Amino acid sequence: MNTVLAIGMPGGWEILVIALFVIIFFGAKKIPEIARGMGRGIREFKDATKEIKNEIEEGGKTSTATASKVKEEQHKD
């Protein structure tokens with residue numbers, strides 16, 4: 001049970017150590033570039049998920065419309 005608590009969210013000191021490591025490793029000038037790249041990646045991911053969701057919804061609508069047309073044709077015969 002203690003291992004579950006150890007895996008939780010990082011606290012204040014952990015975030016400070018990570019921030020210092022990033023500043024030392026990448027340098028202060030690279031941090032804005034890294035943040036912009038991450039922002040673009042997140043934006044592209046959101047756009048892709050919206051596009052997939054729209055395709056699924058449109059596919060459901062077209063399959064429902066197709067099923068309705070097939071039923072109408074069967075009733076005509």
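Student: Which residues form the nonpolar patch on the surface?
Tutor: In this predicted model, Phe21, Ile23, Phe25, Phe26, Ile31, Ile34 and Met38 form the patch, with about 680 Å² of accessible area together. Patch residues have over 30% relative accessible area and no salt bridge; nonpolar side chains (Val, Leu, Ile, Met, Phe, Trp, Tyr) are joined within 5 Å, like charges within 9 Å. Accessible areas come from the Shrake-Rupley method with a 1.4 Å probe, and for residues only the protein chains shown count as cover.

Student: Which elements give two or more residues to it?
Tutor: Helix H2 (12-26) and helix H3 (30-76) do. H2 supplies the largest share, four residues. Helices here are DSSP runs of H or I with at least four residues, strands are runs of E with at least two, and both are numbered from the N terminus.

Student: Take Phe21. Where does it lie, and is it buried or exposed?
Tutor: Phe21 lies in helix H2. Its relative accessible area is 53%, so Phe21 counts as exposed. The cut-offs are under 20% for buried and over 50% for exposed, with partly exposed in between (1.4 Å probe, protein chains only).

Student: How many aromatic pairs are there?
Tutor: The structure holds two. One of them joins Phe21 and Phe25, which are stacked at 5.5 Å centre to centre with 10 degrees between the planes. Rings of Phe, Tyr and Trp (its six-membered ring) pair if their centres lie within 6.5 Å; planes under 30 degrees apart are stacked, over 60 edge-to-face, and the rest tilted.

Student: Why give both a distance and an angle?
Tutor: Because a pair of aromatic rings is described by the distance of the centres and the angle of the planes.

Student: How many residues apart are Phe21 and Phe25?
Tutor: They are four residues apart in helix H2, so about one helical turn separates them. Phe25 is exposed too, at 57% relative accessibility. Phe25 also pairs with Phe26, edge-to-face, at 4.9 Å centre to centre and 85 degrees between the planes. Phe26 is partly exposed, with a relative accessible area of 40%.

Student: New topic. How many salt bridges does the structure hold?
Tutor: One. The side chains of Glu33 and Lys30 meet in it, at 3.8 Å from N to O. A salt bridge needs a side-chain nitrogen of Lys or Arg within 4 Å of a carboxyl oxygen of Asp or Glu.

Student: Where do those two lie?
Tutor: Both are in helix H3, three residues apart, about one turn of the helix. Glu33 is partly exposed at 45% relative accessibility, and Lys30 is partly exposed at 44%.

Student: And the protein overall, what is it built from?
Tutor: Three helices and zero strands, running α-α-α from the N terminus on. Of its 77 residues, 0% count as buried. The protein exposes about 7,500 Å², and carbon and sulfur atoms supply 65% of that.

Student: What is the mean pLDDT?
Tutor: It is 80, and 71% of the residues reach 70 or more. pLDDT is the predictor's confidence in each residue, from 0 to 100.

Student: What do the numbers rest on?
Tutor: Local features need pLDDT of at least 70 and side-chain atom pairs 80 or more, while totals for chains, interfaces and linings use all residues. Residues are numbered from 1 along each chain as its sequence is written, and side-chain values use heavy atoms, with hydrogens and water left out.
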